[in-house]
Amino acid sequence: MSSKQTRYEALVGAYHKDLYRYAYWLTNDAAVAEDVVQETFLRAWKSLDSLQDEKAAKSWLITILRRENARRFERKQFDMGEYEEHSIVDNASASNEDNTESYWLQRQIAALEPEYREPLVLQVVQGCSGEEIAEILGLNKNTVMTRLFRARNKLKEALDNQPAKVRLG
């Protein structure tokens, strides 16, 4: 087995789940998310030699994924309308109450404007630091931190405005 193939397989093994989770957040469709992840890894294979620092692999892959998602819109005009919500199986949640709260939170995050949603998802779902998010999104770190602060405030406002029975399921 070549060193390139070994290196590639290590990347796929380490980041496939994270990339899929992020793609799902971007696309809201499990099948499309899987397609975007496959295209991401295909492009990663083709340009693997350009990845000089293994510590930057996650940011590099997320950047490729974001571009692949953008290419989706360049290739095809989508029907604008309501999309069907798919749920990701959350094996960590112990109760229906946890699932209801998780679903509510996912919907609130999905309703945020993209400028706030994307850094929040990168931080919460992907565990990226402010510096990594800034690099991925091509923004200043202070801008990222401001957007994260505003995103959290918007979620807090949404939580405060919900009747107690909705918050508790």
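**Fold.** I looked up the secondary structure and found eight helices and zero strands in the protein chain; helices here are DSSP runs of H or I with at least four residues, strands are runs of E with at least two, and both are numbered from the N terminus. Along the sequence I read the pattern α-α-α-α-α-α-α-α.

**Basis.** I note that this is a predicted model, in which local features need pLDDT of at least 70 and side-chain atom pairs count only at pLDDT 80 or more, while totals for chains, interfaces and linings use all residues. Residues are numbered from 1 along each chain as its sequence is written, and side-chain values use heavy atoms, with hydrogens and water left out.

**Whole chain.** I checked burial next: of the 169 residues of the protein chain, 33% count as buried. Buried means under 20% relative accessible area, exposed means over 50%, and partly exposed lies in between (1.4 Å probe, protein chains only). The accessible surface of the protein chain is about 10,800 Å², and carbon and sulfur atoms hold 49% of that surface. These areas come from the Shrake-Rupley method with a 1.4 Å probe; for residues, only the protein chains shown count as cover. I then looked up contacts (heavy atoms within 4.5 Å). Among those in the protein chain with a separation of 6 or more, 66% join residues 24 or more positions apart.

**Helix α1.** The buried residues of α1 include Y8, L11, Y15, L19, W25 and T27. D18 is also on the buried list, and D18 is linked with R21 and K58 in a network of salt bridges. Just after α1, I noted that N28 takes a positive phi of about 60°.

**T40.** I looked up T40 in helix α2. Its relative accessible area is 0%, so T40 counts as buried. Setting aside neighbours within four places in sequence, I found T40 in contact with L19, L61, I64, L65 and E68.

**Salt bridges.** I searched the whole structure and got nine salt bridges; the criterion is a side-chain nitrogen of Lys or Arg within 4 Å of a carboxyl oxygen of Asp or Glu.

- E54 and R7 meet through their side chains at 2.5 Å, N to O. E54 is partly exposed at a relative accessible area of 39%, and R7 is partly exposed at 24%.
- E113 and K154 form a salt bridge at 3.8 Å, N to O. This pair also links distant parts of the chain: E113 sits in the loop between α4 (96–111) and α5 (114–124), K154 sits in helix α7 (residues 141–160), and they are 41 residues apart. I read 37% relative accessibility for E113, which counts as partly exposed, and 31% for K154, which is likewise partly exposed.
- D160 and K156 form a salt bridge with their closest N and O atoms 3.2 Å apart. Both lie in helix α7, four residues apart, about one turn of the helix. I read D160 as partly exposed, with a relative accessible area of 47%.
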